[in-house]
Amino acid sequence: MYFTITPSFADGSGTSSSPFSVNQGIANQGSTGSVEGYIVGKPVSTSSVTTSDFSDDYAIAIADQVNETNVNEMLFVQVPSTFRNDFGLQSNPSLLGEAVVVSGSLTDYFAHTGVKSVSDMELSDGEGRGDPNDPGDGEPSPYDDTYYSSAVGKTGSALKSELHLIIDDHNELTYSEVWDALRVTDEDPANPNNVLLLYSGRSQSKYENGGNVDDWNREHVWAKSHGDFGTSMGPGTDIHHLRPTDVTVNSSRGNLDFDNGGSPQSEAPGNYYDSDSWEPRDSVKGDVARMIFYMAVRYEGDSGEVDLEVNNLVNNGSSPYIGKVSVLKAWNEMDPVDSFEENRNNVIYNQYQHNRNPFIDHPEWVEAIW
């Protein structure tokens, strides 16, 4: 008789040198630690994992057994931008079946037992410890030694204040210059003649802009009435939060705060709204959140500028506040930074304003501040 022995992992203490098994990681949700498991696929929903045709590098599923198919025996791991080139399955499909040690917060991801806020990932020898030849070190951002050097290591109000100093005093555009800038920052990667519209996701000619039905116009993601800054240079023309949107959809959003729920917006599937809030489609929820958090750090009331802050309310009206911060924080986690967002940040930094959105480079700083 012949049979196959399927390897699995022994229990550990949760340290990098003695990581939890996946079974322990499931049992210890709500804590932090290191977990070792085999990469068995990529989560695509709460109850589904794919093992081929990987669409992105944002997540992996790990299990104690290399041929595991029961999602209840897996941890879903959110892969931050730092590790996507090395551990994302779209870029590295050959990693399927390899052992890995993941360190981070043992908490739900995709509404499933998982690991988030990952601080380290290492290929493993499969014996309860990381590969000593692949320490998994590296800077979380290529700008940490230069642009963010004075902020790294700080938290709370100290981090917020330091980031403000770093991104303050950017090169300001006029409102008319914003048109041409958005044609570059929001260019459709699949069609250089078009831009991608934020809420609808529609690809549209760069020059079909204006105020007519089905044109695209300049959406202030931080609604310009929240603080009454209009289209003045500074917050009114800051392209870190100005995006191309369909005229009608922009009108529907108006100056609504952000929250979950409402009725569907017929021209922008996946977007919902009611009398006091707007919910964008899932694939840009994190983009919206990170733009809002940028504005709350960039504009602190100095140099005659408005002081913008997030709160946990809706119906903020003309006050310099936008909510709900609890929802925006959740969106930041559920929709990780993607290549479009990273490229946009780089273009704004290199070609236009010469400042960066720190929450695209470090989405974990949202939790560190708020």
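1. Which elements cover the buried residues of α7? The cover includes β12 (257–258), β15 (277–279), α6, β16 (309–310) and α10 (365–369). The residues of α7 that are buried are V325, V327, L328, K329, W331 and N332. The model under discussion is a predicted one, and the remarks below should be read accordingly.

2. On the overall fold, the protein contains 10 helices and 17 strands. Its C-alpha atoms occupy a box of roughly 75 × 45 × 35 Å along the principal axes. The radius of gyration is 22 Å, in agreement with the value near 21 Å that a compact globule of 370 residues would have. Of the 370 residues, 52% are buried. Among contacts with a separation of 6 or more, 61% join residues 24 or more positions apart.

3. The pairing of α6 with α7 deserves a point of its own. Helix α6 spans residues 285–298 and helix α7 residues 325–334; their axes come within 7 Å and cross at roughly 125°. Angles from 65 to 115 degrees count as roughly perpendicular and those over 145 as roughly antiparallel, so α6 is oblique to α7. The crossing of the two helices is left-handed.

4. The residues that form this contact can be named on both sides. From α6 come K285, G286, V288, A289, R290, I292 and F293, and these meet V325, L328, K329, W331, N332 and M334 of α7. By class, the contact of α6 with α7 comprises eight nonpolar, two polar and three charged residues.

5. K160, L163, H164 and I167 of α3 meet Y294, A296, V297 and R298 of α6. The contact of α3 with α6 has five nonpolar, one polar and two charged residues.

6. Helix α4 (residues 175–185) also contributes to the interior, with Y175, V178, W179, A181, L182, R183 and T185 buried. The elements against which these buried residues pack are the strands β7 (187–188), β8 (191–196), β10 (216–220) and β11 (242–246), together with helix α8 (339–352).

7. How do α4 and α8 pack, and at what angle? Their axes lie 9 Å apart, at an angle of about 135°. The two helices are therefore oblique to each other, and α4 passes α8 in a right-handed crossing. The contact involves D180, A181, L182, V184 and T185 of α4, and F340, R344, V347, I348, Q351 and Y352 of α8. In the contact of α4 with α8, seven residues are nonpolar, two polar and two charged. A181, L182 and T185 are among the buried residues of α4.

8. The peptide bond from G323 to K324 is cis, with omega near 0°. K324 is in the loop that lies between β17 (321–322) and α7.

9. Two serines have a positive phi although neither is a glycine: S117 at about 50° and S303 at about 55°. S117 belongs to strand β6 (residues 114–123), whereas S303 is in the loop between α6 and β16. The relative accessibility of S117 is 53%, and the cut-off for exposed is over 50%, so S117 counts as exposed. S303, at 63% relative accessibility, counts as exposed as well.

10. A last point concerns T248, which is placed in helix α5 (residues 247–253). Is T248 buried, partly exposed or exposed? Its relative accessible area is 26%, and T248 is therefore partly exposed. Apart from neighbours within four places in sequence, T248 is in contact with V213, Q265 and E267. The C-alpha atoms of T248 and V184 are separated by 23 Å, the two residues being 64 residues apart along the chain. V184 is itself one of the α4 residues in the contact with α8.

Methods: Residues are numbered from 1 along each chain as its sequence is written. This is a predicted model: local features need pLDDT of at least 70, side-chain atom pairs count only at pLDDT 80 or more; totals for chains, interfaces and linings use all residues. Side-chain values use heavy atoms; hydrogens and water are left out. Axes are lines fitted to C-alpha atoms, for helices over the stretch in contact, and angles run from 0 to 180 degrees between N-to-C directions. Helices (H or I, at least four residues) and strands (E, at least two) are DSSP runs, numbered from the N terminus. Angles under 35 degrees count as roughly parallel, over 145 as roughly antiparallel, 65 to 115 as roughly perpendicular and the rest as oblique. A crossing is left-handed if the near helix is turned anticlockwise from the far one by less than a right angle, and right-handed if clockwise. Contact means heavy atoms within 4.5 Å. Ala, Val, Leu, Ile, Met, Phe, Trp, Tyr, Cys and Pro count as nonpolar, Asp, Glu, Lys and Arg as charged, and the others, Gly among them, as polar. The radius of gyration is taken over C-alpha atoms; the globule rule is 2.2 Å times the number of residues to the power 0.38. Buried means under 20% relative accessible area, exposed over 50%, partly exposed in between (1.4 Å probe, protein chains only).
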